[in-house]
Amino acid sequence: RAGRSPRSCLNMSYGCRQITPTVPIDLDTVDRTLASLLIQQAGKDPGRSYLYGHFGRISYGETLTRVRQLAQCLASSDGMARRQSVAVSTETPEYLAYALWAAAFADISIVLLPLCRDAQVMLSAMQETAVDVLLTDEPQLLQQSWCQDLKALLRRCVLEDGQTEVSAETLPAASRDGEAGIIFQTSGTQAEPKWVRCEYGKFHAVIDCMRHKGALEHARGQSVFLTPPLYHSYGVSALLEYTSVGGTVILPQGNSPLGPVGELRDPVLRERVTAIEAVPYFYTQLSRLADRFKMPALNHFGLGGGGLDGIAFARLCELYPAVTVSVRYGMTETPSVVSQKLFRRPFQGDWRSSGRVLPVYTVEIVDAAGRTQARDQEGEIIVSGDCVGRYLGQTGSRLLTGDTGYLSSGGELVITGRKSLYIRNRGFRLSPERIESVIASCAGVQDCRVRMSDDRLVAEVVYDDSLSQRELLAFVAARSPSYALPDEVVKVKRVPRTDSGKIRRY
C-alpha cells in the first residue's frame, strides 16, 4: 500500500488533538483488502440477497463467484493481461458493480465514466487518465478498437443453467491493495474538473474505521435504495458501506423520466425498501409524491451531497414516524465520508452538523488569511491525512475543500455553506441555496435555481400555471429579508442538474 499503513491511518490527529477509535482494533488480524468486505459477507451468509436490479436478485455468494471470475477474465483476456488500469462505462448499474469489485480483486485501477455515445469524448477521457481499454455494452462504442464488450465478459462468468465455468480453487484470491484504486472525474474543490484517484486500501481503511466506531449500525441488514449513480463517489462509497455490514442494495434501473424517485411507482419495489441513500433533491421530489409512494418498511434516510431541505424532510418525517436520518459529509477526494451523524427523534440537533470527524482524517478550519480558527469560529474546511485521494499528476494530501463551517465546542463538524456559492446582493452576503429552499417550499414550485446576472438577483423557477409570479414573490417576501428577494423571476422548463442531482452553477 502506498503511504502509511492502515494502523497509522487509524491513529491520525484531529486538529491539534490526537484521537483514536473508542473501540480497540486488532489490525494484525484484519484483512485489509477492499475485496475482503465482499468475501467476509459472502462467507457469513452466501444466500443473503445482495443486489436487486435489472435482472432480479443476486446473492452475496453468487456475486462473489461472478466477480472472481470476471477478475480472472480481466487478467486473461486478449489485450488486458498485465494492464494496470481499465475504464468502464455502462448504463446498467449491476455491470458497474461487478466491474468495480472485479478490478479490486484483480488489483487494477478502474476509471468510472458516465456513459457518453460520442467516441471522441470517451477517448479524450481515456487519454487524460492514461487508460487504453474501455469496457462497455454500448453498441456504438463497441465499434471502436479500444473497446471491449463488458456484457460478453460477464456472459463468460455464468452459464445459462447457472453453473460456474471454473471451480472455486481456480479463482483468484483477493490481492493486497497497493497503488491501484478507483478514478473519478470531479469538479474539484475549486470548480475545475479534475481526475482523482482513491486507492482501494484507503476506502477499506475509512470503512473499517466507520464500522469500529459504530458509524454504520444504521446500515446493518438494510435493503437500501441506492439512488446516486455508481460512477459517482457517493454511490460507490455507499455501496461499499452497506456491503460491509451485510446490506441489500437496490439499484435504480434508469427507466423513469423522473429519475430514481419515479421508480418508486413500482409497489413491489416500495415493499422491499427499508432505507434510502440520496441527495437533497431526491427527497424534495419524494416529499411531493410521498402520499402516493408510501413505503411500509422504510426506517432510514441517508443524506449526502448538499444541504438539507428542512421543509421536505419535515413532511417525510411526518409520514415515517420511526425513521432515523444520517447526514454525511465528504467529497470525491475523500473515500467514503469525513464525518457522519445519525439523528433520532425528536430531531433536536443542528441539521448542519455532520458529527465527529473520523480519526483517519485531520480537519482544520482556517480564515481567509489561512490562520487556524478556534472552536465555534467559521472558516474554510481543510481536510488532510493519508486517506485523502490524490489528483492525477499531483502530490500532497491537504485538501482545501471550498466548504465553510466550524468545529463546535462539542467537537462536531458543522457545515455552513460553500465559498464559491456565496453571492453578494445590495451589499449583503447571501447563500443561493437558502433562497432556493424558500422558493421550493411554495406550493406549485417543482424546482429552482438562484444566481446573479448583471448585478441582479435572478430566480429561475419551474412552477405550475396555477401560481403567478406575484404570488411567488409575495410568498418569498414573507419569509426572507428584503435583500434576499429576487429582482426577477424567470419561468423555465427545467433546472440544469448533474447526474447526482446537484444544481449546475456554471
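Predicted model: local features only at pLDDT ≥ 70, side-chain atom pairs only at ≥ 80, totals over all residues.
Author: Of its 506 residues, 56% count as buried.

Reader: How should I read the contacts across the sequence, and what share of them join residues at least 24 apart?

Author: Taking the contacts between residues at least 6 apart in sequence, 64% join residues at least 24 apart.

Reader: Where is Ser237 found, and is Ser237 buried or exposed?

Author: Ser237 is found in helix α8. A residue counts as buried when its relative accessible area is under 20%, and Ser237 is buried because its value is 2%. Leaving aside neighbours within four places in sequence, Ser237 is in contact with Arg328 and Ser336.

Reader: How many residues does the largest nonpolar core have, and which residues have the most contacts inside it?

Author: The largest nonpolar core has 86 residues, and those with the most contacts inside it are Leu239 and Tyr361. Helix α4, residues 93–106, gives the largest share of this core, with 11 residues. Apart from this core lies another, of 29 residues, which includes Val273, Ile276, Leu303 and Leu319.

Reader: Which residues is Leu239 in contact with, leaving aside its neighbours within four places in sequence?

Author: The partners of Leu239 are Tyr50, Leu51, Ala97, Leu100, Trp101, Leu226, Leu230 and Val249.

Reader: At what angle do α4 and α8 pack, and which residues make the contact?

Author: Helix α4 and helix α8, the latter spanning residues 233–244, pack at an angle of about 75 degrees, with their axes 12 Å apart. Angles of 65 to 115 degrees count as roughly perpendicular, and α4 is therefore roughly perpendicular to α8. On the α4 side the contact is made by Ala97, Leu100 and Trp101, while α8 brings Val236, Leu239, Leu240 and Thr243. By class, this contact has 6 nonpolar residues, 1 polar and no charged ones.

Reader: Why do residues three or four places apart in a helix point the same way?

Author: An α-helix has 3.6 residues a turn, so residues at that spacing point the same way.

Reader: How many of the residues of α4 are buried, and what follows the helix?

Author: Helix α4 is mostly covered, with 13 of its 14 residues buried. From its first C-alpha to its last α4 reaches 20 Å, close to the 20 Å expected at 1.5 Å a residue. The helix is followed by Asp107, whose phi is positive, near 60 degrees.

Key
Residues numbered from 1 in each chain as written. Heavy atoms only, no water. Core = buried A, V, L, I, M, F, W, Y, C linked by side-chain atoms within 4.5 Å. Buried < 20%, exposed > 50% of the residue type's maximum accessible area, 1.4 Å probe, protein only. Helix = DSSP H or I, 4+ residues; strand = E, 2+ residues; numbered from the N terminus. Contact = heavy atoms within 4.5 Å. Axes fitted to C-alpha atoms, helices over the stretch in contact; angles between N-to-C directions. Parallel < 35°, antiparallel > 145°, perpendicular 65-115°, else oblique. Nonpolar A, V, L, I, M, F, W, Y, C, P; charged D, E, K, R; others polar. Expected span 1.5 Å × (residues − 1).
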